[in-house]
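Student: I have a new structure open and I'd like to learn how to read it. Could you walk me through a few features?

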Amino acid sequence: METDAAPVVDGNHPQRDDLLRFLMDMFKKYGVCNVAFLNQHLQALKEPGEHQYETLRVGVENQYFMSTLKSLAGSIKDTNIYFLKSLGDQDVDKFRAVIINQFQDRLSQRKTELQAACKHHLGDNIPAHTFNKILTELAYIKGKCWFFKEGNG
């Protein structure tokens, strides 16, 4: 997973700033998004009506969209499934990075596997509230396994 600093809204690039705000809002709402899902919501911004991303109404070039997305989000290998690189909380992000890495290898994981990976890589047990925060954002539970979200809402 890349560790570059996330781009920031600076007021000097209105379309980039709107695109960053749009992407951040989508990830805050859904946690995980695939490219088709993001594009669907981006296309909806062209429809008549008011929204906060006015400069996106004219559309966004795909290459620009993807480069902005990749500057802000990481992806599950060999997929178009994206997630924020960082939540901006070091105490959570250190465990989150280990958990995401586990999902890179297999999109379903048992709770005990994720907990053991955190203990192995960080030397710490993951607090229950941190585990729940991360997994609620990135995955859903079915039976005894957590499955990484497909990113379609």
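This is a predicted model: local features need pLDDT of at least 70, side-chain atom pairs count only at pLDDT 80 or more; totals for chains, interfaces and linings use all residues.

Student: Let's start with one residue. Is Met 66 buried or exposed?

Tutor: The general idea is a cut-off: buried means under 20% relative accessible area. Met 66 has 15%, so it counts as buried. You'll find Met 66 in helix α3, which covers residues 62-72.

Student: And what does Met 66 touch?

Tutor: Leaving out residues up to four places away in sequence, Met 66 touches Val 35 and Tyr 82.

Student: Next, the rings. How many aromatic pairs are there in the whole structure?

Tutor: A search of the whole structure turns up six. To read one, look at the distance between ring centres and the angle between planes; over 60 degrees counts as edge-to-face. Take Phe 131 and Trp 146: their centres are 6.1 Å apart and their planes sit at 80°, so this pair is edge-to-face.

Student: Where in the chain do Phe 131 and Trp 146 sit?

Tutor: Phe 131 belongs to helix α6 (residues 128-138) and Trp 146 to strand β6 (residues 145-148), so to speak two distant parts of the chain linked by the pair, 15 residues apart.

Student: What about Tyr 140 and Phe 147?

Tutor: Those two form a stacked pair, with 5.7 Å from centre to centre and 20° between the planes. Here the residues are partly exposed, Tyr 140 at 37% and Phe 147 at 27%.

Student: Which residues form an aromatic cluster?

Tutor: Phe 83, Phe 103 and Phe 148 form one.

Student: Now the cores. Which residues touch the most other members of the largest nonpolar core?

Tutor: The idea is to follow buried nonpolar residues joined through their side chains. The largest such core has 23 residues, and Phe 22, Leu 23, Phe 27, Phe 65 and Leu 69 touch the most other members. Two or more residues come from each of α1 (14-30), α2 (35-44), α3 and β3 (81-84). The largest share, seven residues, is from α1.

Student: What does Leu 69 touch?

Tutor: Not counting residues up to four places away in sequence, Leu 69 touches Leu 23, Phe 27, Val 35, Leu 38 and Tyr 82. There's also a second, separate core of 21 residues, including Ile 76, Ile 99, Phe 131 and Leu 135.

Key
Residues are numbered from 1 along each chain as its sequence is written. Side-chain values use heavy atoms; hydrogens and water are left out. Helices (H or I, at least four residues) and strands (E, at least two) are DSSP runs, numbered from the N terminus. Buried means under 20% relative accessible area, exposed over 50%, partly exposed in between (1.4 Å probe, protein chains only). Contact means heavy atoms within 4.5 Å. Rings of Phe, Tyr and Trp (its six-membered ring) pair if their centres lie within 6.5 Å; planes under 30 degrees apart count as stacked, over 60 as edge-to-face and the rest as tilted. A nonpolar core is a set of buried Ala, Val, Leu, Ile, Met, Phe, Trp, Tyr and Cys residues joined through side-chain atoms within 4.5 Å.
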